[in-house]
Amino acid sequence: MKKILPLLLMMIISSCSCQEKIVNESRVSAFYQGWTAGVRGGGSGINFNLELKKELPSNVQLKKLVFKGYEVPFDKQDDLHFMAMIKTEANQQKFEGDNSQSYSSPKSSIKTKDNEAILIFTKDGKEYQQKITNVVEKPALEYPSAKPKF
């Protein structure tokens, strides 16, 4: 029994460190950019981008992102680029006094710092989470409501 416990502990520790390296070794950059529509009621949101330097193994799939209190799925742009689009509550009022229901991305109970995100991915059908830090904020996109007239 004394020999089995240390062996089991070593297996758990080594398997945890391998799981974290899957996304960390492939990740080049993670950044986000807020946006606001140029018309009242056009909405607002956050686009989260993840860029990889090498393709994820075939048994690993990025599923969701937890960021700034929201939990949204990833969209695969190509083998090295993934995007998660968060719709926020701001700029959804169509006119003064409009109290209709606003639509936003689902909230998450997991709390993170402003520059941290949690990637949820599956490996061989089993779900894992990995925290990434130092997520860079790029300047917000402010869409104009109409072309300038000059």
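Tutor: A contact here means heavy atoms within 4.5 Å. Among contacts in the protein chain between residues at least 6 apart in sequence, 59% join residues at least 24 apart. The model is a predicted one, in which local features need pLDDT of at least 70 and side-chain atom pairs count only at pLDDT 80 or more, while totals for chains, interfaces and linings use all residues. Residues are numbered from 1 along each chain as its sequence is written, and side-chain values use heavy atoms, with hydrogens and water left out.

Now to the pocket. On a 1 Å grid over the protein atoms alone, a pocket is an open set of points where a 1.4 Å probe fits, with protein on both sides within 12 Å along at least five of seven lines, and lining residues have an atom within 4 Å of a point. The largest pocket has a volume of about 200 Å³, a volume being the space filled by probe spheres set on the points, which are joined across faces, edges and corners. Its lining consists of Glu55, Leu56, Pro57, Ser58, Val60, Gln61, Leu62, Phe74, Asp75, Lys76, Asp79 and Phe82. By class, the lining has six nonpolar, two polar and four charged residues; Ala, Val, Leu, Ile, Met, Phe, Trp, Tyr, Cys and Pro count as nonpolar, Asp, Glu, Lys and Arg as charged, and the others, Gly among them, as polar.

Two buried residues complete the picture. Of the 150 residues of the protein chain, 34% are buried, that is, under 20% relative accessible area with a 1.4 Å probe, protein chains only. Ser108, in the loop between strand S6 (81–88) and strand S7 (117–123), is buried at a relative accessible area of 8%. Leaving aside neighbours within four places in sequence, Ser108 is in contact with Val66, Gly69, Tyr70 and Glu71. Ala30, in strand S1 (residues 27–36), is buried at 6% relative accessibility. The C-alpha atoms of Ala30 and Asn134 are separated by 8.0 Å, although the two are 104 residues apart along the chain.

Conventions
Buried means under 20% relative accessible area, exposed over 50%, partly exposed in between (1.4 Å probe, protein chains only). Helices (H or I, at least four residues) and strands (E, at least two) are DSSP runs, numbered from the N terminus.
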